[in-house]
Amino acid sequence: MSTVEPFDAVDVIRAKRDGRPVDEPALRWMIDAYTREYVTDAQMSAFAMAVLLNGMSRDEIRVMTDAMIASGERMSFTALSKTTVDKHSTGGVGDKITLPLAPLVAAFGVAVPQLSGRGLGHTGGTLDKLESIPGWRAALSNDEMFAQLDDVGAVICAAGSGLAPADKRLYALRDVTGTVEAIPLIASSIMSKKIAEGTASLVLDVKFGSGAFMQDIDKARELARTMVALGNDSGVATTALLTDMNSPLGRAIGNANEVRESVEVLAGGGPADVVELTVALAREMLTLAGQPDADVEAALKDGRAMDVWRRMILAQDGDPDAALPVARETHTVLAPSSGVVTRLEALPFGIAAWRLGAGRARPQDAVVHAAGIDLHAQLGERIEAGHPLFTLSAEDAARFPRALEALEGAWEIGEAAPAASARVAERITA
Ligand code: URA
């Protein structure tokens, strides 16, 4: 017996195309029917483009998010003896913050379930970075994840395919139809997965600048506000920080070298901007978890965060003492003159690291864990002529010319230091 569909995709597309509201039952049906493969990719592409051009009301975004959550399973951490708090970053170049942050927050007795992904394009994936550690395993069963949260407190593992499957299809489609950059689609995509994951609270790191999805701070603010409202309306206590992604975060871009830098931060050192952002996000997470006065800097300095890191890596079969992979070939660029680094653009450095093998061009590609870039000077730092500015690492020297091509015009040494600016620009709570 054939079922009669209650709506028509073309009517839904036309409504959005013409700027009319799409009512709740029709929008829920559109997402459900797409997940069932009744609504075709061509129809969903047209709908996504209409959303990109005409936007969505807050109510439509809430319904869209809810419909994507309903397309899959919902997890719950309520059986744990600890409260849960998660963090999501919209992604950037050199963004390894999850690595020191999850153990740091867990050092205060809070559970941090970080269901993460792999990188595609110039932004790195947290799982790719951790897989540089010999033996480390990304795939955990739900039982293993719960046991680790109870015991160690921090888990960084692969998100199961059961969370928001509608988003999985829609995100892949958006990637190839020029519809990634729509705020309602980004907000519903991220928040459907985070709400379905079942965390009690959530801190969003919404990036702006040349290495971010949203180049413009006003757009980033709108995205942050939309996601904060979606989280809080769904019972997930949510706040956001707007953070600067105009220049690479820290000195390491890649996989193994980002793990190395994260371990430096956990040992009480590391670049000031990575420490600043790690501490700011940890404070935000612990405030939501009911510990606004937690001394997070002390936990980095006295080894408590490092202890959790080691237990977290060991619990997933990794060896925290093993040597990380080192690339066969390196190429160092020297400063042509003495001065201050006045420009260091995040996006070209992300693209260059990707071309060196640190990222993948297709989902099925393998990443080269040892490939990447080490900056010897960050934005605003002084450098002398002839001293190393940055070093490229790859398994094959044939990769250097295209990486260097990406970096043409991406950096500058001048006289006047750029005005010092903090990574954290704003805090969004509503
Ligand atoms: N990350 C997601 O998960 N979805 C988006 O749409 C953008 C970034």
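A pocket is an open set of points on a 1 Å grid over the protein atoms alone, where a 1.4 Å probe fits, with protein on both sides within 12 Å along at least five of seven lines. The model is predicted: local features need pLDDT of at least 70, side-chain atom pairs count only at pLDDT 80 or more, and totals for chains, interfaces and linings use all residues. Residues are numbered from 1 along each chain as its sequence is written, and side-chain values use heavy atoms, without hydrogens and water.

**Exercise 1.** Describe the lining of the second largest pocket.

*Solution.* 
Step 1. Lining residues have an atom within 4 Å of a point; of the 17 here, Ser247, Leu379, Ala420, Ser421 and Arg423 are closest to the centre.
Step 2. Domain 2 (85-321) and domain 3 (329-414) each supply at least three lining residues; the bounds come from an automatic or database domain assignment.

**Exercise 2.** Determine whether Ala164 is buried or exposed.

*Solution.* 
Step 1. Ala164 has a positive phi, near 45°, and is not a glycine.
Step 2. Buried means under 20% relative accessible area, exposed over 50%, and partly exposed in between (1.4 Å probe, protein chains only).
Step 3. The relative accessibility of Ala164 is 1%, so Ala164 counts as buried.

**Exercise 3.** Classify the accessibility of Asp317.

*Solution.* 
Step 1. Asp317, also not a glycine, has a positive phi of about 70°.
Step 2. With a relative accessible area of 45%, Asp317 is partly exposed.
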